[in-house]
Amino acid sequence: GRWEAPLPVANKCNAACVGCISWQPAAGPVASHERIRYAPTAAHVVEVALPFLTSVPEAIVSFGQGCEGEPLMVAEVIAEAVARLRQSTDRGTINCNTNGSLPRRVAQIAAAGLDSIRISLNSVLEPTYSAYYQPRFYRLSDVLESIRVAKAHGLYTTVNYLVFPGVTDREEELEGLLDLLRRTGLDMVQMR
């Protein structure tokens with residue numbers, strides 16, 4: 001009944017992040033969390049989110065929490081849920097935490113009434129980005145386009161910036177991040 005309510009909807013991902021807490025290769029360490037085993041419908045999401053949004057002060061509901069899977073892979077469900085929620089209430093904030101891999105799907109859920117988005121990054125340089133995220137069927141350029149799309153749709157846009165000493169504090173990394181901030185007008189960078 002307070003703060004931020006997670007709305008897990010995705011049980012698969014299009015990245016193989018080195019530090020993922022819900023999936024690791026068979027030869028790797030055991031994942032500390034499990035992904036949901038079923039795919040919720042928009043009706044499931046509305047059933048959980050609407051009472052929260054309408055009763056909790058400063059309520060936030062968020063798709064994509066803690067390596068659950070990539071929410072943009074189920075953008076149709078999210079867009080339908082967001083539209084239904086916004087037909088019922090204008091209260092609260094509807095957020096999506098994502099890897100930002102699918103810019104057209106960012107546009108789709110933004111058009112449905114999404115309020116904010118937080119896109120995870122560890123670098124704005126392709127080799128560093130790809131070494132950690134190990135993207136499948138997308139590239140860093142898609143993630144950067146998703147930031148542009150989100151801002152163009154008026155979303156409050158945040159980057160969840162994963163910090164690795166000796167990597168993200170190198171001069172070329174810092175210059176790249178500052179350039180991204182100047183070019184996109186990001187609303188916030190959360191350093192983790």
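**View 1. Glu-173 lies in helix α6.** The model shown is predicted, so that local features need pLDDT of at least 70 and side-chain atom pairs count only at pLDDT 80 or more, while totals for chains, interfaces and linings use all residues. Residues are numbered from 1 along each chain as its sequence is written, and side-chain values use heavy atoms, with hydrogens and water left out. Helices are DSSP runs of H or I with at least four residues, numbered from the N terminus. Glu-173 has a relative accessible area of 0% and is therefore buried (under 20% relative accessible area, with exposed over 50% and partly exposed in between, for a 1.4 Å probe and protein chains only). Leaving aside residues up to four places away in sequence, Glu-173 touches Ser-123, Val-124, Leu-125, Thr-128, Tyr-161, Val-167 and Thr-168, a contact meaning heavy atoms within 4.5 Å.

**View 2. Glu-175 is placed in helix α6, which spans residues 171-184.** Because its relative accessibility is 45%, Glu-175 counts as partly exposed. From C-alpha to C-alpha, Glu-175 and Val-124 are 9.4 Å apart in space, although 51 residues apart in sequence.

**View 3. Helix α3 (residues 103-112) packs with helix α5 (residues 140-152) at an angle of about 25°, their axes being 8 Å apart.** Axes are lines fitted to C-alpha atoms over the stretch in contact, and angles run from 0 to 180 degrees between N-to-C directions. The helices α3 and α5 are therefore roughly parallel to each other, a term for angles under 35 degrees. Pro-103, Val-106 and Ala-107 of α3 make the contact with Asp-142, Glu-145, Ser-146, Val-149 and Ala-150 of α5.

Key
Helices (H or I, at least four residues) and strands (E, at least two) are DSSP runs, numbered from the N terminus. Angles under 35 degrees count as roughly parallel, over 145 as roughly antiparallel, 65 to 115 as roughly perpendicular and the rest as oblique.
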